[in-house]
Amino acid sequence: MLALGAVTVFAACTPTAKGTDDAKVRTDLEPLERRFAGLGPLSGAHWLGTALGTDSRVSVPGPTDVRMVGTAQLRAGAVAAITGAPQRSFQPENPVQLPEELAEFVPKGATWVRSDSFDRDMTGGTYSGAFYLDPGTDTVYFDTVNPGISASSEP
């Protein structure tokens, strides 16, 4: 007697970020200035807004987390003013998880610094975020999830 066995294959289920392959790099400043008022006026930006935890399969309805990540140009001298504040301890640190779509907009040879206390000030403790500053180019690289509108930017 010959017994035939069945083989079952299970696909791994992992959270994914929607659309980093299809994401369009945005350059509008208003959404950033409203969320990151502590950076002051911006003169240029390249960023992505990506829904996290969704993919091509049917997703469970509910709140969607949004990652906002990108670079923005601050006014001349703004980074030196921010990093020169004595109450903050900025340390050299490079950004992680840089989306491929943004690589060409990151300053070449940037010397990034980051401060946990500055991150807390920027987020107000209401969302997660990291802000890397390059004093040589007055550029910020931000990587946030669910950034809220800054209270100081509301009418």
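Guide: Start with a cut-off: a residue is buried under 20% relative accessible area, exposed over 50%, and partly exposed in between. Asp28 has 30% relative accessibility, so the label for Asp28 is partly exposed. One caution: this is a predicted model.

Visitor: What makes Arg26 and Asp28 a salt bridge?

Guide: The criterion is a side-chain nitrogen of Lys or Arg within 4 Å of a carboxyl oxygen of Asp or Glu. For Arg26 and Asp28 the N to O distance is 2.7 Å. That is within 4 Å, so the pair qualifies. Arg26, at 35% relative accessibility, is partly exposed too. In general, side chains of opposite charge can pair when their charged atoms come close.

Visitor: How many salt bridges does the structure hold?

Guide: Seven.

Visitor: Why is the pair of Glu30 and Arg34 called a salt bridge?

Guide: Their closest N and O atoms are 3.2 Å apart. The cut-off is 4 Å, so the label holds. Both residues sit in helix α1, residues 30-35. They are four residues apart, which means a separation of about one helical turn.

Visitor: Are Glu30 and Arg34 buried or partly exposed?

Guide: Partly exposed. Glu30 has 44% relative accessibility, and Arg34 has a relative accessible area of 34%. Each value falls between 20% and 50%, so neither residue counts as buried or exposed.

Visitor: How do you know that Asp119 is buried?

Guide: Its relative accessible area is 4%. Buried means under 20%, so Asp119 is buried. Its salt-bridge partner is Arg114, with the closest N and O atoms 2.7 Å apart. Arg114 has 16% relative accessibility and therefore counts as buried as well.

Visitor: Which residues are linked with Asp119 and Arg114 in a network of salt bridges?

Guide: Glu93 and Asp116.

Visitor: Which residues of α3 are buried?

Guide: Ser117, Phe118, Asp119, Met122 and Thr123. Their cover includes α2, β4 (113-114) and β5. After α3 comes Gly124, with a positive phi near 60 degrees.

Visitor: What makes a set of residues a nonpolar core?

Guide: The members are buried Ala, Val, Leu, Ile, Met, Phe, Trp, Tyr and Cys residues, joined through side-chain atoms within 4.5 Å. The largest such core here has 21 residues. Leu39 and Phe142 have the most contacts inside it. At least two residues of this core come from each of β1 (42-51), β2 (66-74), α2 (78-83), α3 (116-123), β5 (128-134) and β6 (139-145). Another core lies apart from it, with nine residues, among them Leu48, Ala110, Ala130 and Tyr141.

Visitor: What is Leu39 in contact with, leaving aside neighbours within four places in sequence?

Guide: Leu74, Arg75, Ile82, Phe118, Met122 and Val140.

Visitor: Now the whole chain. How many helices and strands does the protein have?

Guide: Three helices and six strands. From the N terminus on, the order is α-β-β-α-β-β-α-β-β.

Visitor: How much of the protein counts as buried?

Guide: 34% of its 155 residues. The protein exposes about 9500 Å², and carbon and sulfur atoms supply 55% of that.

Visitor: What share of the contacts with a separation of 6 or more comes from residues 24 or more positions apart?

Guide: 63%.

Note on methods:
Residues are numbered from 1 along each chain as its sequence is written. This is a predicted model: local features need pLDDT of at least 70, side-chain atom pairs count only at pLDDT 80 or more; totals for chains, interfaces and linings use all residues. Side-chain values use heavy atoms; hydrogens and water are left out. Buried means under 20% relative accessible area, exposed over 50%, partly exposed in between (1.4 Å probe, protein chains only). Contact means heavy atoms within 4.5 Å. Accessible areas come from the Shrake-Rupley method with a 1.4 Å probe; for residues, only the protein chains shown count as cover.
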